[in-house]
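Subject: Structure for your review

Dear colleague,

Please find below the structure that I am handing over to you.

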Amino acid sequence: MPQLPGWIANWPAYRQLTGRDRLGRGEAVRSPHTEAAAPRTQAADRVVSSICPYCAVGCGQRVYVASAGGRDAVTQIEGDPDSPVSRGRLCPKGAASKQLVTQPGRLTKVAYRRPYGTAWEQLSLDQAMDMIADRVIATRRDTWQEHHGGQRVARTLGIASLGGATLDNEENYLIKKLWTALGAIQIENQARI
Ligand code: SF4
């Protein structure tokens with residue numbers, strides 16, 4: 001049989017007619033690109049269970065991690081089939097959450113712009129937490145209302161809390177307890193807006 005040009009020999013219809021895959025549902029119609037494809041999770045050497053950070057649904061995630069040069073790197077994030085909440089599914093936002101971890105513009109330090117400042121400053125987390133605590137204490141003291149309209153109210157209207165969508169039930173419970181104990185009454189969460 002004469003030697004066929006490569007493009008004919010590699011033509012899926014030719015391979016289907018002359019090879020073992022007569023129905024054309026397997027190797028006959030597979031392209032070199034497909035043959036070379038590998039699972040996105042293949043490079044990982046371990047898998048860590050996690051929860052999607054984006055919203056209060058709390059879908060389960062499997063985080064694939066590879067170690068190289070003494071450093072761990074997230075290589076892929078997939079839905080966790082063992083999660084009773086999401087059973088392996090992630091919405092498009094959750095499915096893209098690897099970008100949240102790995103994108104180079106991610107901020108990993110506290111950024112602070114002081115009043116009338118024109119540039120961001122970096123603060124340590126301890127310093128930032130102390131500054132927040134100082135402001136809460138001062139605001140509560142300066143805006144405290146013991147009575148209003150002849151009634152005892154024991155509250156402050158100087159503090160409001162708006163929780164983000166990534167807070168889970170337990171965090172919201174603790175936040176509500178904290179602010180209520182401090183006398184704040186304007187306590188909301190994104191999920192109710
Ligand atoms: S995958 Fe989507 S629905 Fe699930 S927790 Fe993340 S953002 Fe929410």
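I begin with the hairpin of β2 and β3. Two strands are joined here with 2 residues between them, and within this hairpin G69 takes a positive phi near 60 degrees. Please note that this is a predicted model.

Strand β2 covers residues 60–68 and pairs with β3 in the antiparallel sense, over 8 bridges. Within this pairing, A68 stands opposite R71 in β3, while Q61 stands opposite G79 in β3. In general terms, strands of a sheet pair through backbone hydrogen bonds, in either a parallel or an antiparallel manner.

Both strands belong to an open sheet of 3 strands, ordered β1-β2-β3 with antiparallel pairing. Its edge strands are β1 (46–51) and β3 (71–79), each of which pairs on one side only. On average, neighbouring strands of this sheet are turned by 30 degrees against each other, direction ignored.

Which residues surround the ligand? They are C52, Y54, C55, V57, G58, C59, S86, L90, C91, K93 and G94. Sorted by class, this shell has 7 nonpolar, 3 polar and 1 charged residues.

Yours sincerely

Key. Residues numbered from 1 in each chain as written. Predicted model: local features only at pLDDT ≥ 70, side-chain atom pairs only at ≥ 80, totals over all residues. Pairing = 2+ DSSP bridges. Helix = DSSP H or I, 4+ residues; strand = E, 2+ residues; numbered from the N terminus. Axes fitted to C-alpha atoms, helices over the stretch in contact; angles between N-to-C directions. Near = placed C-beta within 6 Å. Nonpolar A, V, L, I, M, F, W, Y, C, P; charged D, E, K, R; others polar.
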